[in-house]
Amino acid sequence: MNSFFKIFFASLAALFLFTIMVFFMALGFLSGLATPEKEETGARAVLVLDLSQPFQEIKIENPLAGLGGGERHSIPALYDVVRLIREAKSDSSVKGIYIKSGINVNGFAASDEIRNALLDFKSGGKFIYAYADVITQGAYHVANVANKIYCNPKGGVDWRGFSMQMVYLKGTLEKLEIEPQIFYAGKFKSATEPFREDKMTDANRLQTGVILNDLYGHFLSQTADTRKIDTATLHQYANENLIQYAADALKYKLVDGLKYDDEVQGEIKDRLKVDKFDKINFISLGKYAQAVEYKQKGKEKIAVIYAQGDIVDGKGDQERIGGETYRNLIRKARLDKEVKAIVIRINSGGGSAMASENIWRELTVARKDKPVIVSFGDVAASGGYYLACNADSIFAQPNTITGSIGVFMMLPNLQNFFKDKMGMTFDGVKTSPDADLFTVTKPLTPAQRQYLQNEVDTIYHSFKERVADGRKMSIEFVDSIGQGRVWSGTRALELGLVDRLGGLDAAIASAARMAKLTDYGLKEFPEPLNIFDRIFGDYQQNAKQSAIKEELGPEGMKTYNTLKRARGMIGISQARLPFDFTIN
């Protein structure tokens, strides 16, 4: 028996030691994956800008990239793209840029930042080519800066104008016998429209029409500048549906030629003086990021905090702005003696009013110690505007969607749904009349409805006060431009909601001037995740999202996201944009 226990415990110890060895070997392997190898740009390089890649504010690493034979490098963040293009302008080994311009999954303001970086690159005398079989309007927005734009002879250019469509679920809820008990402040606050209407209200149609025309006008004016065609003529092309085939795009000078991919590459080879049997040294942005030092360095620092996604209570994640997390990030930058100024980059349609208030408070405290500058991305509206309104200066792009100063709350009554559709009823006891106020299993009483409406009205008043104090306006004026109405960046500048038109570069330069800095680098937050969080945390979440999107498709994903957001808003005061403000 003694020998049995000796053998058993010896085997157990050996197994334990073996497990420890395997763990550390795996750790070393994963660490190797997480540490990118130094790349080489090579001679006569052409930087590839693929607009079908989503350039988010925060770089989301995929530490297992390349294991399946795909792209070895992660997709850079938006500001990395801008800095990489700037680096390529002065890099003698990079001769030009090739834009893959089939579709553009990036937003209007993000596209403007990339476009402006390309214009600066082009001013250095290097070439830009753009090509796709079919070029969408979003891609053309960026591609029209190219020296040469080509499309497939059997392809074309999409030139139909802009449209925006919202999903309305009122009829669905009625069929399910679900009552959406809704409370809101602001006649333009259309975030609840999908649940209480079956079509656009007049107020929402007005605001949407104005902002859509602002965005379209900006698109046309930028195209006019680069293609030397006046905006009225470009508008006529869409109104009369003149661009139906590739030959039409060439006839009306939207492209410079109709070519196949091999012909375009042949022209680039001629430009590079490369033999026709040699390959072009195309280099992706991800690979180029590993080959060059493109981030500014200096003794003193400016903190740049990237905030993207819905604003939520708690910690959030890389795709949601957690009130607790961002309060701590701002506080960390404020208490860091090395940091002389703070720039917060916001790309958010809003969310939790309480989380927005907490972040607003932390930025207000930080402003007492050092300059605080805000840069708006594609969207900085509702809660996204709330947390920013007290900054020293706010920058937006002309086509940023902002404003939406308003509040709402939703609490569905599922009593009839459960009873008639599911055969379920509910009963219970309580110690006070309103102890079960936020239950979804019964309708609200008139007194409870008034209580919730009062809460929404109180938060809206506080929102207006924050804006009035921060922007040096009267509450009456804020209310006149508020009411939940959204504005383009250009109109927001006219109304005094923002101070300057410009991208993140301009905001950082402003912060440096205010802090009287000449030799400075950036401290960027959130900091990169460790290897285990990257593999077992966000990577799994991204994989889940990808699987859902593949199953449902783009249109199904819109409805899924609408319902998912609705579930997270029950009984919580929201400062948020309309659900699907998607423009095609």
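Predicted model: local features only at pLDDT ≥ 70, side-chain atom pairs only at ≥ 80, totals over all residues.
The element that gives the most to the negative patch is helix α10, which spans residues 261–272 and supplies 3 residues. E263 has its place in helix α10, and this residue counts as partly exposed because its relative accessibility is 38%, a value that falls between the limits of 20% for buried and 50% for exposed.

Just after α7, the backbone of K228 takes a positive phi of about 60°.

Most residues other than glycine have a negative phi, and most peptide bonds are trans. A positive phi, near 50°, is found in N241, a residue of the loop between α8 (231–239) and α9 (246–251). K472 also has a positive phi, near 60°, and is placed in the loop between α16 (446–471) and α17 (475–481). With regard to accessibility, N241 counts as partly exposed because its relative value is 40%, whereas K472, at 67%, counts as exposed, since the limit for that class is over 50%.

A further backbone feature concerns a peptide bond. F525 and P526 are joined by a cis peptide bond, with omega at about 0°, and P526 lies in the loop that runs between β20 (520–525) and α20 (531–569).

Key:
Residues numbered from 1 in each chain as written. Heavy atoms only, no water. Helix = DSSP H or I, 4+ residues; strand = E, 2+ residues; numbered from the N terminus. Buried < 20%, exposed > 50% of the residue type's maximum accessible area, 1.4 Å probe, protein only.
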